[in-house]
Amino acid sequence: MNIMLSAAVVAVVLIIGFGSYKLGRKLQEKLNYLTTVSNLVEYSKDIIYYCELKPAIKYRYLSPAINAILSPNIAEESMKNPYTAFERIHPEDLPLLQKKASGDIDYSKPLIQRWRNDEGEYIWFEEYATPIYQHGEVVAVQGIIRNIHDKVQLQQTLEYRASHDSLTSLYNRGYFESKLEQYNQKNDVSAAIFIFDLDELKAVNDRFGHKVGDSLIKEAAAILNDFSGEDYIAARIGGDEFALLLVNTDPEYVKELMREIERVIDVLNQNEKRPFKINMSKGYAWTSTSLGKMEELYIKADNRMYREKNRKRIQSNSLR
């Protein structure tokens, strides 16, 4: 009887011990899994966060990846002062952050924003945020924020190259024509087109070489670029041909602008040390309405430029 009892006790102990072993192993596996996840979050290059919005804004977690991008101690600063993000965000992106904090935003779309680092440079980020609801109200938000600065800069560089002339940094013909199409088909504005053509580029190239000729092109471009602004653009539309496109303007201003451009060129040409002068044939045209008129406007300005160029050629031939 005692032997049977002892055997039963041993069996129970073995069962309990085996059960405890299995339970301990499961707990250890769970712990190992959580440790792995924790390491992934802690050492991720992406910024991972959990932030309470109600009753007050407060970070519960902010991964240290942000320290390497913006400032060495910004994670700790943000835990103490959650409004650090509001202080460092680009002014144009502040409304986006305010909407996120109030829960008044489409969380299904990525949030593109810029934050300032310690050097004063704004870094581009892409954020995917998930709202946490309680009783139908957003009380917290969690998300992943990725540094996309290099990607955005590359995209901006490619867009710049696609729309600008590499020699002069003016807009190129493709961009100029896209703006003509915009005002011809979509936006009705008063508009003017100026066409300029360098008269003696070939002679400069033949006498001084193409590097000097390129300098002449860049100098002419710089003159026109000084007159570009919010409502008008300067473009190089050919080897020796340039254009100005003005919108929301009037005939008197257009005439005054042409006189001012001519005055600037005259002042430069008075420099006796110049090896050559800047001579450009010019033509312009204005319209009070742009819809359906831009091609006609361009042709009119171009024809006036060529008439002036032909007059100069005839005068030059008569003096020989």
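Helices (H or I, at least four residues) and strands (E, at least two) are DSSP runs, numbered from the N terminus. This is a predicted model, in which local features need pLDDT of at least 70 and side-chain atom pairs count only at pLDDT 80 or more, while totals for chains, interfaces and linings use all residues. Residues are numbered from 1 along each chain as its sequence is written, and side-chain values use heavy atoms, with hydrogens and water left out. The chain has 11 helices and nine strands. Of its 320 residues, 37% count as buried (under 20% relative accessible area; exposed is over 50%, partly exposed in between; 1.4 Å probe, protein chains only). Among contacts (heavy atoms within 4.5 Å) with a separation of 6 or more, 57% are between residues 24 or more positions apart.

**Backbone geometry in loops**

- Most residues other than glycine have a negative phi, and most peptide bonds are trans.
- H135 has a positive phi of about 55° although it is not a glycine.
- H135 lies in the loop between β4 (122–134) and β5, and its relative accessible area of 81% makes it exposed.
- N248, also a residue other than glycine, has a positive phi near 55°; it is in the loop between β8 (241–247) and α10 (251–269).
- K54 and P55 are joined by a cis peptide bond with omega about 0°, and P55 is in the loop between β1 and β2.

**Strand β1 and its partners**

- Strands count as paired if DSSP finds at least two bridges between them.
- Strand β1 (residues 47–52) runs antiparallel to strand β5 (residues 137–147), with six bridges between them.
- Four bridges link β1 to strand β2 (residues 58–62), again antiparallel, and a hairpin of five residues joins β1 to β2.
- C51 stands opposite Y59 in β2, while E52 has A140 in β5 as its bridge partner.

**E52**

- E52 is in strand β1.
- Leaving out residues up to four places away in sequence, E52 touches I57, K58, R60, V139 and A140.
- The C-alpha atoms of E52 and V139 are 6.1 Å apart, although the two residues are 87 apart in sequence.
- The side chains of E52 and R60 make a polar contact at 2.9 Å (a pair of N or O atoms within 3.5 Å; within protein, one must be able to donate a hydrogen and the other to accept it, and residues adjacent in sequence count only if both atoms are side-chain atoms).

**K282**

- K282 is in strand β9 (residues 280–287) and is buried, with a relative accessible area of 13%.
- Its side chain reaches the backbone oxygen of M280 at 3.1 Å.
- Not counting residues up to four places away in sequence, K282 touches I195, F196, M258, E262, R304, M305 and E308.

**Second largest pocket**

- On a 1 Å grid over the protein atoms alone, a pocket is an open set of points where a 1.4 Å probe fits, with protein on both sides within 12 Å along at least five of seven lines; lining residues have an atom within 4 Å of a point.
- The second largest pocket holds about 160 Å³ of space, the volume being the space filled by probe spheres set on the points, which are joined across faces, edges and corners.
- Its lining consists of R173, F176, E177, L180, N184, M294, E295, Y298 and I299.
- Helices α7 (173–185) and α11 (294–318) each supply at least two lining residues; α7 gives the most, with five.
- The lining divides into five nonpolar, one polar and three charged residues (Ala, Val, Leu, Ile, Met, Phe, Trp, Tyr, Cys and Pro count as nonpolar, Asp, Glu, Lys and Arg as charged, and the others, Gly among them, as polar).
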